[in-house]
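Subject: Structure for your review

Dear colleague,

Please find below the sequence and the structure that I am handing over to you. A summary of the findings follows.

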Amino acid sequence: MQQAKFSLTPALSEFVANYAAYGFKDKSSMVQAALMQLKAEIERKELRESAEIYAAIYAEDADLQALTESAIEGWPE
């Protein structure tokens with residue numbers, strides 16, 4: 001596993017030092033879990049923004065709406 005060196009404020013350093021109280025086996029696993037959660041949150045935000053852009057484009061494009069309707073013609077409801 002790759003290692004990284006970074007600095008923390010005293011408050012964050014104290015928080016990470018209490019890793020066991022939060023159910024982590026070590027400081028590294030606590031930081032990894034926090035970073036994975038942040039990554040997932042950013043990905044969800046980007047996906048939501050992308051969906052909003054596509055929805056706005058779809059709402060304004062009558063040709064795209066017609067194409068979509070013709071593509072689903074005959075499909076079960």
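Accessible areas in this summary come from the Shrake-Rupley method with a 1.4 Å probe. Please bear in mind that this is a predicted model. The accessible surface of the protein comes to about 7200 Å², and carbon and sulfur atoms account for 59% of that area. Of the 77 residues, 4% count as buried.

Overall fold

The protein has three helices and zero strands, and from the N terminus the order of its elements is α-α-α. Its radius of gyration is 23 Å, well over the 11 Å that the globule rule gives for 77 residues, so the protein is more spread out than a compact globule.

Nonpolar patch

Helix 2 contributes the most, with four residues.

Is Ile57 buried or partly exposed? Its relative accessible area is 43%, so Ile57 is partly exposed; this class lies between buried, under 20%, and exposed, over 50%.

Charges

The protein carries 7 positive and 13 negative side chains. The centres of these two sets lie 22 Å apart.

Yours sincerely,
A colleague

Notes. Residues are numbered from 1 along each chain as its sequence is written. This is a predicted model: local features need pLDDT of at least 70, side-chain atom pairs count only at pLDDT 80 or more; totals for chains, interfaces and linings use all residues. Side-chain values use heavy atoms; hydrogens and water are left out. Helices (H or I, at least four residues) and strands (E, at least two) are DSSP runs, numbered from the N terminus. Buried means under 20% relative accessible area, exposed over 50%, partly exposed in between (1.4 Å probe, protein chains only). The radius of gyration is taken over C-alpha atoms; the globule rule is 2.2 Å times the number of residues to the power 0.38. Lys and Arg count as positive and Asp and Glu as negative; His and the chain ends are not counted. The place of a charge is taken as NZ of Lys, CZ of Arg, CG of Asp or CD of Glu.
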